[in-house]
Amino acid sequence: MKTAVVSDIHGNLDALEAVLADIRTQGVDRIYCLGDVVGYGPNPRECVDIVRQFDLCILGNHDQAALFDPEGFSHGAEQAIFWTRRQLETGESEEETLSRWHFLCGLPRTHTEDNFLFVHGSARNPLCEYVFPEDIYNPKKLEKIFSLIPNVCLQGHTHVPGVFYESAQFISPKDFENSTYQFNGEKVMINVGSVGQPRDGDPRSCYVIVDGKSVEFRRVEYPIEKVADKIRDIDDLDDSQGDRLFEGH
């Protein structure tokens, strides 16, 4: 069974639509999302409506912040999440508005299938813990996280795709042949990257396709200028949230 795994859409409808168009060409059986459907971007309602049709969605920290109050957010991210909440509180009908809130309220923090764990942040703190490439220099942190992983953990949150090995190594997708990691039984954490706001220096959307043998990292172009213009037209969204899309940072 082939599974497309996306994460960190962040209200970027144009990026999500481009990724879904690519997914439709790949013979995928199901689509999973690792959270942060909303936040930063200009189309939270539309993104929620699409993602709730997926086979699985995990709760992200921005999704939770839309439900409750943001904690530890930058000013721009906090401003965006309050704007996002107002968008989710309005809609074409009360029924649609309530269905979106019910969807977000029902999202799980983790999901396990056989030896695969799906989270937003990390196995240790599924909602909020960042695992950055530089954490290979913090072996105690990685050791504690890996002790909680059955075999493979798929995660997002940092917007930086790649594979963490239990031996405290991090390999970027571009360093794998055909951007594909082959499973070999070793414990790994796989960051699937971000659909709506990549931060690895590549502005293209990133997602992965997982089967029983490998994980393929895929990059997809989308109309960044269009999204940036939408953000600029919304007073409550900081222009920087659109500007950063061009550089992938």
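**The chain and Cys 128**

Of the 249 residues in the protein chain, 56% are buried (under 20% relative accessible area with a 1.4 Å probe, protein chains only; over 50% is exposed, and values in between are partly exposed). The model is predicted, so local features need pLDDT of at least 70 and side-chain atom pairs pLDDT 80 or more, while totals for chains, interfaces and linings use all residues. Numbering runs from 1 along each chain as its sequence is written, and side-chain values use heavy atoms, without hydrogens or water.

The protein chain holds 8 helices and 12 strands (DSSP runs of H or I with at least four residues, and of E with at least two, numbered from the N terminus). Its C-alpha trace spans about 50 × 35 × 30 Å along the principal axes. Among contacts in the chain with a separation of 6 or more, 70% join residues 24 or more positions apart; a contact means heavy atoms within 4.5 Å.

Against this background, Cys 128 sits in the loop that runs between strand S5 (116-118) and helix H6 (139-146). Its relative accessible area is 40%, and therefore Cys 128 is classed as partly exposed. Leaving aside residues up to four places away in sequence, Cys 128 touches Asn 61 and His 157. Asp 114, by contrast, is 14 residues from Cys 128 in sequence, and the two C-alpha atoms are 24 Å apart in space.
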